[in-house]
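Q: I have a model open and would like to learn how to read it. Can we go through it feature by feature?

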Amino acid sequence: MSVPTSLDVEQARPRLRELTVVDVRTPGEFASGHLPDALNVPLDRLVRSLPELRPAGDRGALLIVCASGARSDSAVRTLASHGIAASSLVGGTEAWAAGGNALEYSGGGTRPRAVWAMERQVRFAAGALVLLGLLLGLLLGPAFSLLSAAIGGGLVFSALTGTCGMAVVLGRLPFNRRGGEVRP
């Protein structure tokens, strides 16, 4: 059976009970609200989780979810390269919630945990490092301006390759690991 590479909220909602939902955000983001019964397998651990995901994919369709759809698209491509068919939720949890659908929260609570989305964390960190490089360049010497150039180069590389090293590093910080992840 052919599996579409993406499903929008209207297509996914009626099929939710037959889908295995895999959220590829960090555990901290996952704790701030996720689709009902979703499993948390952060994108940086996806390949290591293939032995657990393969049987789930054999039992039925996998729906891969992130905040906006970018990381889930990447995860679908990674899974496809390992022979596991999956669909990405177009617009991610943002589109799910905007469509009036309920989110679950880690710990069974009804209030989301205040965690910035990874994209926002990356923008903040990159901006802060650029400003720090410029400030240090003005105060201590022009060589420190190379920090700003390195961050700019990293952002260009990230855009060209669709990868983000800074997101991987930020995802390993303690506040992005709290809440624990659920293994399939």
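**Reading the fold, step by step**

A: Let's start with the order of elements: from the N terminus on, the protein chain runs β-α-β-α-β-α-β-α-β-α-α-α-α-α. Keep in mind that this is a predicted model.

Q: How many helices and strands does the protein chain have?

A: The count for the protein chain is nine helices and five strands.

Q: What is the average pLDDT of the protein chain?

A: pLDDT is the predictor's confidence in each residue. Here the protein chain averages 87, and 90% of the residues score at least 70. Residues 180–184 are a stretch to treat separately: the pLDDT there is below 50, though the model gives this stretch 16 contacts beyond near neighbours in sequence.

Q: Which strands pair with S4, and in which sense, parallel or antiparallel?

A: For pairing, look at the bridges between two strands. Strand S2 (residues 20–23) pairs with S4 in the parallel sense over four bridges, and Asp23 stands opposite Val65 in S4. S4 is also joined to strand S5 (residues 86–89) by three bridges, and these two run parallel as well. In that pairing, Leu62 stands opposite Ala86 in S5. Between S4 and S5 the chain crosses through helix H4 (residues 70–81), giving a right-handed β-α-β crossover.

Q: Which way do the side chains of S4 point, and are they buried or exposed?

A: Follow the residues along the strand and note the direction of each one. In S4 (residues 62–65), Leu62 and Ile64 point one way, while Leu63 and Val65 point the other way. All of these residues are buried.

Q: What about Ser158, is it buried or exposed?

A: Here the cut-off does the work: buried means under 20% relative accessible area. Ser158 has 18% relative accessibility, so it counts as buried. Ser158 lies in helix H7 (residues 145–161).

Q: Which residues is Ser158 in contact with, leaving aside its neighbours within four places in sequence?

A: With those neighbours left aside, Ser158 is in contact with Thr163 and Cys164. For Thr163 there is a polar detail too: a polar atom of the Ser158 side chain lies 2.6 Å from the backbone oxygen of Thr163.

Q: And for the whole chain, what share of residues count as buried?

A: Of the 184 residues, 38% count as buried. The protein chain exposes about 9,900 Å², with carbon and sulfur atoms supplying 63% of that. As for contacts with a separation of 6 or more, residues 24 or more positions apart account for 68% of them.

Technical notes:
Residues numbered from 1 in each chain as written. Predicted model: local features only at pLDDT ≥ 70, side-chain atom pairs only at ≥ 80, totals over all residues. Heavy atoms only, no water. Buried < 20%, exposed > 50% of the residue type's maximum accessible area, 1.4 Å probe, protein only. Pairing = 2+ DSSP bridges. Right-handed = clockwise from strand over helix to strand, strands pointing away. pLDDT = per-residue confidence, 0-100. Contact = heavy atoms within 4.5 Å. Polar contact = N/O pair within 3.5 Å; in protein donor to acceptor, adjacent residues only side chain to side chain. Areas by Shrake-Rupley, 256 points an atom, 1.4 Å probe, with all protein chains shown as cover.
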